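Reader: Could you take me through this protein model, please? I would like to start with its overall layout.

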Amino acid sequence: MKLDTTNGDAKPSGSFTEGGGAADDDDVLVPPLNFAVVDNGIFRSGFPEPANFGFLKSLHLRSVICLCPEPYPEHNSEFLKAHGIRLYQFGIDGCKEPFVNIPEDTIREALKVLLDVRNHPVLIHCKRGKHRTGCLVGCLRRLQRWCLSSVFDEYQRFAAAKARVSDQRFIELFDISCLKHYPLSFSCSRK
């Protein structure tokens with residue numbers, strides 16, 4: 001939103017939509033649902049909508065890790081292609097308790113992509129940026145040697161009232177030993 005300062009008063013210019021956003025401004029940057037910085041060059045969110053493309057462009061992404069099994073929407077694919085962003089899709093079904101099956105091998109493969117700094121800046125997303133994304137980020141935090149209570153606090157901040165004990169159990173029991181040889185060159189892992 002631009003500010004009109006022609007008469008000395010700072011007032012927003014441009015028309016506004018019913019949802020409160022500027023209708024005519026190309027400068028308005030709208031982050032995706034549940035957007036957050038995970039670490040240097042690593043971001044997380046819910047599924048990006050076309051309204052979020054300007055914001056995503058400002059991140060100068062190299063890669064997107066999508067954790068949804070559905071085919072990637074054409075308008076999203078076109079945006080990625082137009083900006084030279086590589087899509088890594090790891091289809092994990094959005095399961096609800098008590099029938100949860102988080103595939104360990106899929107999370108492990110997604111972590112390998114995430115740990116490769118050549119893919120950074122990278123955005124991780126699922127539908128809402130809560131459970132599947134939370135599991136992947138939680139496993140990353142374990143590799144970064146975060147204590148479990150901090151990992152679970154972060155998970156719960158995004159999952160809120162829909163936090164799943166099964167997701168937290170998955171994060172806690174996930175075998176990180178096969179990934180310990182991967183270099184961790186992020187801010188949180190340097191000591």
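Author: From the N terminus on, the elements run β-β-β-β-α-β-α-β-α-β-α-α-α. Helices (H or I, at least four residues) and strands (E, at least two) are DSSP runs, numbered from the N terminus. This is a predicted model, in which local features need pLDDT of at least 70 and side-chain atom pairs count only at pLDDT 80 or more, while totals for chains, interfaces and linings use all residues. Residues are numbered from 1 along each chain as its sequence is written, and side-chain values use heavy atoms, with hydrogens and water left out.

Reader: How many helices and strands is that?

Author: The protein has six helices and seven strands.

Reader: What is the mean pLDDT of the protein?

Author: The mean pLDDT, where pLDDT is the predictor's confidence in each residue, from 0 to 100, is 81, and 77% of the residues reach 70 or more. Over residues 1-24 the pLDDT is below 50. In the model this stretch has 27 contacts beyond near neighbours in sequence, contact meaning heavy atoms within 4.5 Å.

Reader: What share of the residues is buried?

Author: Of the 191 residues in the protein, 43% are buried. Buried means under 20% relative accessible area, exposed over 50%, and partly exposed in between, with a 1.4 Å probe and protein chains only.

Reader: Which residues does Phe 55 touch?

Author: Phe 55 is found in helix α1 and counts as buried, at 14% relative accessibility. Leaving aside neighbours within four places in sequence, Phe 55 is in contact with Leu 29, Val 30, Pro 31, Pro 32 and Phe 35. The C-alpha atoms of Phe 55 and Leu 29 are separated by 4.7 Å, although the two residues are 26 apart along the chain.

Reader: And is Thr 106 buried or exposed?

Author: Thr 106, in helix α3, is buried, with a relative accessible area of 17%. Not counting residues up to four places away in sequence, Thr 106 touches Phe 90 and Ile 92.

Reader: Now the helices. At what angle do α4 and α5 pack?

Author: The angle between α4 and α5 is about 160°, and their axes are 10 Å apart. Axes are lines fitted to C-alpha atoms, for helices over the stretch in contact, and angles run from 0 to 180 degrees between N-to-C directions.

Reader: Are they roughly parallel or antiparallel, then?

Author: α4 and α5 are roughly antiparallel to each other. Angles under 35 degrees count as roughly parallel, over 145 as roughly antiparallel, 65 to 115 as roughly perpendicular and the rest as oblique.

Reader: Which residues meet there?

Author: His 131, Gly 134, Val 137, Gly 138, Arg 141 and Arg 142 in α4 meet Leu 148, Val 151, Glu 154, Tyr 155 and Ala 159 in α5. The residues of this contact divide into five nonpolar, three polar and three charged. Here Ala, Val, Leu, Ile, Met, Phe, Trp, Tyr, Cys and Pro count as nonpolar, Asp, Glu, Lys and Arg as charged, and the others, Gly among them, as polar.

Reader: One last topic, the backbone. Where does Arg 145 lie?

Author: Arg 145 lies in the loop between α4 (131-143) and α5 (148-159). Arg 145 has a positive phi of about 65° although it is not a glycine, and this residue is exposed, with a relative accessible area of 68%.

Reader: And what is the peptide bond from His 120 to Pro 121?

Author: That bond is cis, with omega near -5°. Pro 121 lies in the loop between α3 (104-115) and β7 (122-125).
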